[in-house]
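Thanks for coming, everyone. Let me put the model up and walk through a few places in it.

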Amino acid sequence: MRNKKQVSDPTRLGGPGTKNVSSNCLTSCSSPGTWREVADVMSKDVATISANVTVVAAAKIMSERNISCLIVMEKERVTGILTETDMLKRATVGGKDFTSMTVADIMSVLSQTVSPEISVLEAGKLMSDRHIRRLPVLEQGKLVGVVTQTDLVRAMTAYGTWRDVAEIMSSQVAVVQETATVAEAAKVMAERDISCVVGLNAEEVVGILTERDLLKRVLAEQRDPAETRMKDIMSSPVKSIPSNYSAFSAGRIMEKMNIRRLVVMDNEALQGIVSQTDIFEAVKRKLQEDEEKNFRLLENADSSIFALDPDANTTYVNPAFVKLFKASGPQDFVGRPFLPERFWVNPKKRAWFLRQFKKEIVETKELALKTAKGKKIYVTLFATPTKDAAGRINGSQGVVYDITDKKELVALREAEEHTEQINIQLMEATAKAKRLAAQAESANIAKSEFLANMSHEIRTPLNAIIGFSDVLAGGDMTNEQTEWVETIRASGEHLLELIGDILDLSRIEAGKLDVDITECSLKRLCAKVESIVRSAAMGKGLKFGFTEDGALPGRIRTDSVRLSQCLVNLVNNAVKFTEKGHVYVHVSLHRIDSEPCIRFDVEDTGIGIPPEKHEAIFESFTQADGCTTRRFGGSGLGLAITKRLAKLLGGRLSLASEEGKGSVFSLIVPAGVDVAKESSLGECESDDESIPEQADIAEPDGQSKFAGRVLVAEDAVTNQKLVNVLLERMGLEVTTVADGAEAVEKGLAEAFDLIFMDIQMPKMNGYEAAKALRRGGLTTPIVALTANAMRGDDKKCIEAGCDDYLSKPINGKSLLQMIRKHLSSEGQDMHKKIDSVKSAVDELGELCSEAAVQKADSLEPAASQESEDEPGHPLREVIEWAQLIGRIVEEDIAREVVPLCVVDNRERVELLDKAVQAGNAEDVKLYAHAIKGSTANIGAVRLSQIAARLEQMAYRADLSQAEQLLDRIRTEFARLESFVSNPDWVEMAKGQSTGKQPK
């Protein structure tokens, strides 16, 4: 390392003894060149003043700008410096009239300046050695800034570690009673050469008087020090810290509060004063010790270490480096471009190497060099750029390793050319791979666009096929015709499902399918899946159900739509390949890496899968055996989609199966909640959550008549006809247009109550048309119709200005729900009343439960059943009309509510059967209670009474007669179903109540 000191011309800088020091030495051995320079931390906004200005004027400048010094200049020459200490010692003390003094009378002659390139550590050493706290910064003889002790402390605190305040504070504190005069206090400060005194009131610390207080509140305000009391100008209250406070934290407080000292107190007792100077000296000593320690480590290191400046000139080499090259000393390298030519086997390579260094791209290189005595050596050189504290590159440092004796060197030399050739081939292969990847990405995008377009094109005719099938199904047809129509509709729905699977798979492969993680009910999710697939399982005579294995959380965080899709796929797959036996879904809590997960095991007794096919069945369009497709049908997409969806949900899908003995598909997904804090599955849901929602039950067509004008924008003729038929049947006046431009023209020119807007149309699509209508001020509800099924299409429609979204193929039920949502109807009030009646079922059931239970307790099951099972006995009082109409009031509402109640209770009876067979008294009580309340409200008194009896037994955990009562419930429910299925059931119920039967 080297230091370079420059002594400036004394005549230019204000007199003899003035020095200017600059340095480009490497001051940090552990990380060369990282010390900040004075230029990085100095204050460039320097306050200057002329020597003939009054002291009062100077004090005001320093007070107003809150600075501690002024640089005195005459004709662009620095002639001195005026500090707060000068103000104290030469203006305040001595009793002189400071109001007549000038700056020249009290300023200090400048004895030291520094260059902006000097390191902050060297500037700190100068301040410490000279006992000063400020240094003017000159560059080529011109003032460019001033660096203060505060600047250096702030910079150096980033490098060191700290001790407690007690170790560095000044314990010899000058204290003065607050009643003393400023002149007396200033005299103490001047005589002891200190910058502050502590003010006391008796023994209590009440303030502190500093040089800055004298400057701001005495000199600047022209007060007489002999007539001014210390308590009138001192800083109060004092900012104090305990003695065990870290010096680092104390420095931060000073910087934040813009003060230079803190009072140290323990238990309200004065311990000392810690100043910025104390911290500065502590930091400086620590950093000097660290630097000396690091330098010794470098000097004693076995590795050959060097450091370079940005121009690749050597600034440091350690003894090991000198020894490696058999040189006479560091002078053979320092101050010269890295490794003089005499140390190179091939001097031409040196020029290239130095260019690499200057470009900052040298990291690891193998070089052929030679020692000062001419011996050839092979080395590995590792170098890395160095940065200063501001992040700028300021050189490099590195290590040289001698590898001459390593046998691998010869082999590496021989393989070098071959390696270069391989690298060329690798680069060519990489470039080709990138081209292929780009082509694949382009093909994938094209495939997705193709599938989206094909989805629209196929769904459009499917809309007509399925829609008109629904229309035909509502007409008068023979049984054979009805069967044909049902076949057309089923085939259309199967094709629609296949299109959905292909689109899902395409979106997953393209990375376009996202999941929406939200909180949902686990019980409702399972009940929904069960309601979807139950009919298929029961249709094949299979035992089917969900079981809970152990405690489960009531709510989980997942994408309930995608999880339901996975479970429906797995269960339908199990039902498809199972001819007899059962399909069960076991739900349990599982842990993976301590994280709670929900495990669904779909178990079947189907055909099973041989081990060699376990992986293949998860591939797209693949089944375990070719004959399987012919026998059972299917596209082979369900499992492929389910496995990919499981991964998107953060879970996994696995299989355990043996051919001929069935399979178990295990789907595990994260619970997403703290199961310990969640209510259990049985606690957080009511009994109605296991029953399909009323919205899932199809409503009879033709029940509602609406009034209003509807505009339909649809380019496909078949779809125009279908929507016209459906809407006109509802009593609406329909106007049809074939493109978006015509829709905008009609919509703005005529009054409509509702607009159905197809999205893909010629001339102007539905998005543009909706936006144009909204820009035109139209507020009429707009419902988007689209055959696109890509995720996010609904959001795009809403953003375009639509109020709702209806996906094709359109069915009568969804269309009716949309009409009801946006238009008033003749029957709408009735529907509201129906909803009100249905929502009050539980409340009404509770009101009648006591009477029902009392009546049920008096029943004699055997006698009652035998009397009504006699051949030819009329179905009297299946529904007691008086009770029914007494609760529901209106006959039209009764006609709709009673069939819905029958549909609701069909599922409840099946669930009750399961609960009885399992001996689960809690579930028996649950479902019997639901049947009791809902049937009582429709006048099915006998059925309600039997259910009430079973409920009471379950309350007592007595299921001894449960099977007998269940048989009676089944019998009575079958009578109720048969009765309500009769088109004239209302007239029959009325007749039973009056004793007259309809003809």
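This is a predicted model: local features need pLDDT of at least 70, side-chain atom pairs count only at pLDDT 80 or more; totals for chains, interfaces and linings use all residues.

Start at His582. His582 sits in strand E22, which covers residues 582-592. Is His582 buried or exposed? His582 is buried, because its relative accessible area is 16%, and the cut-off for buried is under 20%. Its side chain makes a polar contact with the side chain of Glu603, at 2.9 Å. Leaving out residues up to four places away in sequence, His582 touches Lys543, Glu603, Asp604 and Thr605.

Now zoom out. The protein has 999 residues, and buried ones make up 47% of them. There are 34 helices and 30 strands. Take the contacts with a separation of 6 or more: 65% of them join residues 24 or more positions apart.

Next, the cores. In soluble globular proteins, nonpolar side chains tend to be buried together. Here, the largest nonpolar core has 41 residues. Which residues have the most contacts inside it? They are Leu563, Ile598, Phe600 and Leu667. Several elements give two or more residues to this core, among them helix H16 (522-539), strand E20 (543-549), strand E23 (595-604) and strand E25 (663-670). E22, the strand of His582, is also on that list. Helix H17 gives the most, with eight residues. Look at Leu667. Not counting residues up to four places away, its contacts include Leu563, Cys566, Leu567 and Leu570. Ile598 and Phe600 are also among the residues that Leu667 touches. A second, separate core has 38 residues, including Ile969, Phe973, Phe979 and Trp985.

On to open space. The second largest pocket has a volume of about 1100 Å³. Of its 37 lining residues, Thr85, His131, Arg133, Asp193 and Thr277 are the closest to the centre. By type, the lining divides into twelve nonpolar, 14 polar and eleven charged residues. Which element gives the most to this lining? H11 does, with five residues. Others that supply at least two include strand E4 (77-83), helix H3 (84-92) and helix H5 (120-130).

Stay with H5. Eight of its eleven residues are buried, so H5 is largely enclosed by the rest of the structure. Among the buried ones are Val120, Leu121, Leu126 and Met127. Glu122 is buried too. Ser119 caps the N-terminal end of H5, with a side-chain oxygen 3.2 Å from the backbone nitrogen of Glu122.

After H5 comes His131. His131 is in the loop between H5 and E6. Its phi is positive, about 55°, although His131 is not a glycine. Buried or exposed? His131 is exposed, because its relative accessible area is 75% and the exposed class begins over 50%.

That brings me to the backbone. Most residues other than glycine have a negative phi, and most peptide bonds are trans. Glu76 has a positive phi, near 65°. Glu76 lies in the loop between strand E3 (69-74) and E4. Glu76 is exposed as well, with a relative accessible area of 73%. And which peptide bond is cis? The one from Ser236 to Pro237, with omega near -5°. Pro237 is in the loop between helix H9 (230-233) and strand E11 (240-241).

That's the tour. Over to you.

Methods:
Residues are numbered from 1 along each chain as its sequence is written. Side-chain values use heavy atoms; hydrogens and water are left out. Helices (H or I, at least four residues) and strands (E, at least two) are DSSP runs, numbered from the N terminus. Buried means under 20% relative accessible area, exposed over 50%, partly exposed in between (1.4 Å probe, protein chains only). A polar contact is a pair of N or O atoms within 3.5 Å; within protein, one must be able to donate a hydrogen and the other to accept it, and residues adjacent in sequence count only if both atoms are side-chain atoms. Contact means heavy atoms within 4.5 Å. On a 1 Å grid over the protein atoms alone, a cavity is a set of points where a 1.4 Å probe fits but cannot get out, and a pocket is an open set with protein on both sides within 12 Å along at least five of seven lines; lining residues have an atom within 4 Å of a point. Grid points are joined across faces, edges and corners, and a volume is the space filled by probe spheres set on the points. Ala, Val, Leu, Ile, Met, Phe, Trp, Tyr, Cys and Pro count as nonpolar, Asp, Glu, Lys and Arg as charged, and the others, Gly among them, as polar. A nonpolar core is a set of buried Ala, Val, Leu, Ile, Met, Phe, Trp, Tyr and Cys residues joined through side-chain atoms within 4.5 Å.
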